[in-house]
Amino acid sequence: MNELSLPARAYLLACDTGRDRLPHRERVALLVRAAALTDLVLRGRIADDGGRPVVTGAGRTGHLVLDDLLAELAADPHRTWRARVRRGARGTLQSLEAQLDAAGVITLRTSRVLGVFPRRRAEVRDPATAATLHESVRAAVRSDAPVSADVAALTSLAAAVELGAVLPRAARRRHRDRLARLAEQSGAAVPALRKVIRELQAARSATVAATSGGSG
């Protein structure tokens, strides 16, 4: 595989290398999907057009996940950024995992919970790569020095999805202004991801409240 794409780096950033698992799989799927959109923005392959991502260039990127997303956007250019983050997120995650497994970046293992329900585990083959990504994100937040567009995007995405193992809540609050400046470099997928995460949190809170109310 050629140089890791932004969604691949976002995935490795989310991996729990100590437990060979992917916590909060639904959130990571959204993270990977938003990272793919952001990667295409940084490559100059898509741009914002009235609140929608539209294809602006031609040719392939060399990354299957990105090329599949480009084809999807070209075929249906009328959805908003928020809809694009949500739509197809699970499939994008599964496709990325299969490619990283084939490239030897991770090793996928499938076990069964209670002998029935499949559980997918991902072992990062080179934990040092994931550790370097963690440190680059933390350093980007701690310092006011300029950072590259891809590091700014990775940091903004990790904050938007509230990836606590990388950026704990206290750090996100303490460096709120810095994160806002980094997000400005990253394009429309970051605020769209933030909105989707908030919607998921609201839906879960409503479910918990309804369940608690019904139990009395």
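Partly exposed means a relative accessible area between the buried limit of 20% and the exposed limit of 50%. Glu199, at 27% relative accessibility, therefore counts as partly exposed. The model is predicted.

**Salt bridges**

The count comes to 16 salt bridges. Three of them are listed here, with the N to O distance.

| Pair | Closest N and O atoms |
|---|---|
| Arg84 and Glu72 | 3.1 Å |
| Glu199 and Arg82 | 2.7 Å |

Arg82 is partly exposed, at 32%.

Arg84 forms a salt bridge with Glu72. Arg84 lies in helix H4 (residues 81-86) and Glu72 in helix H3 (residues 64-75), so the pair ties together parts 12 residues apart in sequence. Arg84 is buried, at 1% relative accessibility. Glu72 is partly exposed, at 26%.

Arg142 is exposed, with a relative accessible area of 53%. Elsewhere, shared partners join Arg33, Glu72, Asp76, Arg79 and Arg84 into one network of salt bridges.

**Helix packing**

Helix H6 (residues 127-142) packs on H7 at about 90°, with axes 9 Å apart. H6 is therefore roughly perpendicular to H7. Leu133, Ser136, Val137, Ala140 and Val141 of H6 meet Val151, Leu154 and Thr155 of H7. That contact has 6 nonpolar, 2 polar and no charged residues.

H7 (residues 149-160) also crosses H9 (residues 176-184) at roughly 120°, the axes coming within 8 Å. The two are therefore oblique. Their crossing is left-handed.

Definitions and conventions: Residues numbered from 1 in each chain as written. Predicted model: local features only at pLDDT ≥ 70, side-chain atom pairs only at ≥ 80, totals over all residues. Heavy atoms only, no water. Axes fitted to C-alpha atoms, helices over the stretch in contact; angles between N-to-C directions. Helix = DSSP H or I, 4+ residues; strand = E, 2+ residues; numbered from the N terminus. Parallel < 35°, antiparallel > 145°, perpendicular 65-115°, else oblique. Left-handed = near helix turned anticlockwise from the far one by under 90°. Contact = heavy atoms within 4.5 Å. Nonpolar A, V, L, I, M, F, W, Y, C, P; charged D, E, K, R; others polar. Salt bridge = Lys/Arg side-chain N within 4 Å of Asp/Glu carboxyl O. Buried < 20%, exposed > 50% of the residue type's maximum accessible area, 1.4 Å probe, protein only.
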